[in-house]
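Welcome! Please take a moment to look over the sequence and the 3D structure below, and then we can walk through them together.

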Amino acid sequence: MLIFSAAGLFVGFAVGVTGVGGGSLMTPLLILLFGFSPAVAVGTDLLYAAGTKAFGVWLHGRQQTINWPIVLRLASGSVPASLVTVAWLHFVGIDDQIERLMTLTLCIAIVATAILTLIKQRLVAAGKGGKASAFLQALHGRWQAPITIAGGLVLGVLVTMSSVGAGVLGTTLLLLLYPRLSAITIVGTDIAHAVPLTLIAGLGHISLGTPDFTVLGFLLLGSLPGIWLGTRIGYRLPEHMLRPIIAVMLIIIGVVMFIDTVSVSISG
């Protein structure tokens, strides 16, 4: 079981250094390296994410770097979407087709996370000038709140089905819609939204019987020190080089999982 703690240490360190990782690394590891089914991997990782991010919310709350009205906007879309998705999973049941759908959703979320990790800064910079800026300024008016809620709705479905999306996808959405917020507030707000979303989705998966609590305990045992270590020494490491490396690794993982899933579907 100590190998699960080692995996948690690795993922926690990656998150601490770059802010990228979490579900996009942990869930594929559980599937590809340890052979868990997609449903078990997703359910376990959702509770893992809720546990690791809760500490971050406490820290950001003390520093007053959370915009709670935006958290409520996101949650008003994501929480109902998560509950509906869990209810649908209860209705259809967890079978091979649903697990393949989970895997395909995971692949899409992982590749999207990787691409946004690579282009996020350029995307934000482009949004600050020219036609893109004018378009975004229009969104920052009366459409800002509805788009935030709609974005939360999409995140709710993605996270419940794949455990991926609450991190990089959420922060990119906030960066585009709320450019006046400081970077630290963007991160704090996204984490504050991720905790109730992953917790509710995780509780939904408990009702489905998918999480492995023994594995969850060992993952947390390794990841919490990993996050602390990565945060402490992260400023000494070349983040501008590490983030692309992790992004490319995620793309490879996503493509491999997609090809494997499609091959199984065709052979089946």
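What percentage of the 268 residues in the chain do buried residues make up? Buried residues make up 49% of them, where buried means under 20% relative accessible area, exposed means over 50% and partly exposed lies in between, using a 1.4 Å probe and protein chains only. This is a predicted model, in which local features need pLDDT of at least 70 and side-chain atom pairs count only at pLDDT 80 or more, while totals for chains, interfaces and linings use all residues. Residues are numbered from 1 along each chain as its sequence is written, and side-chain values use heavy atoms, with hydrogens and water left out.

**Overall picture**

- The chain's secondary structure comes to 11 helices and 0 strands; these are DSSP runs numbered from the N terminus, with helices (H or I) of at least four residues and strands (E) of at least two.
- Among contacts in the chain with a separation of 6 or more, 82% join residues 24 or more positions apart; contact means heavy atoms within 4.5 Å.
- The accessible surface of the chain is about 12800 Å², and 71% of it belongs to carbon and sulfur atoms; such areas come from the Shrake-Rupley method with a 1.4 Å probe, and for residues only the protein chains shown count as cover.

**Confidence**

- The mean pLDDT of the chain is 83, and 85% of its residues reach 70 or more; pLDDT is the predictor's confidence in each residue, from 0 to 100.
- Among the elements of the chain, helix H4 (residues 68-92) has the highest mean pLDDT (96), and helix H6 (residues 130-139) the lowest (57).
- Where pLDDT is low, the predicted coordinates should not be read in detail.

- Helix H2 (residues 23-33) is mostly covered, with 9 of its 11 residues buried, including Met 26 and Leu 30.
- After H2 comes Gly 35, which has a positive phi, near 75°.
- The largest nonpolar core has 31 residues, and Leu 30, Leu 219 and Met 257 touch the most other members; such a core is a set of buried Ala, Val, Leu, Ile, Met, Phe, Trp, Tyr and Cys residues joined through side-chain atoms within 4.5 Å.
- H5 gives the most to this core, with 6 residues.
- Leaving aside its neighbours within four places in sequence, Leu 219 is in contact with Phe 4, Gly 8, Met 26, Leu 30, Thr 44 and Tyr 48.

**An aromatic cluster**

- Phe 4, Phe 34 and Phe 36 form one aromatic cluster; rings of Phe, Tyr and Trp (its six-membered ring) pair if their centres lie within 6.5 Å, with planes under 30 degrees apart counted as stacked, over 60 as edge-to-face and the rest as tilted.
- The count comes to 2 aromatic pairs.
- The Phe 4 and Phe 34 pair is tilted because the ring centres are 4.6 Å apart and the planes meet at 45°.
- Phe 4 sits in helix H1 and Phe 34 in the loop between H2 and H3, 30 residues apart.
- Phe 4 counts as buried because its relative accessibility is 10%.
- Phe 4 also forms a tilted pair with Phe 36, at 6.0 Å centre to centre and 50° between the planes.

- Thr 210 lies in the loop between helix H9 (183-208) and H10, and Thr 210 is buried, with a relative accessible area of 7%.
- Leu 59, in helix H3, is partly exposed because its relative accessibility is 34%.
- The C-alpha atoms of Leu 59 and Gly 188 are separated by 8.8 Å, although the two residues are 129 residues apart along the chain.
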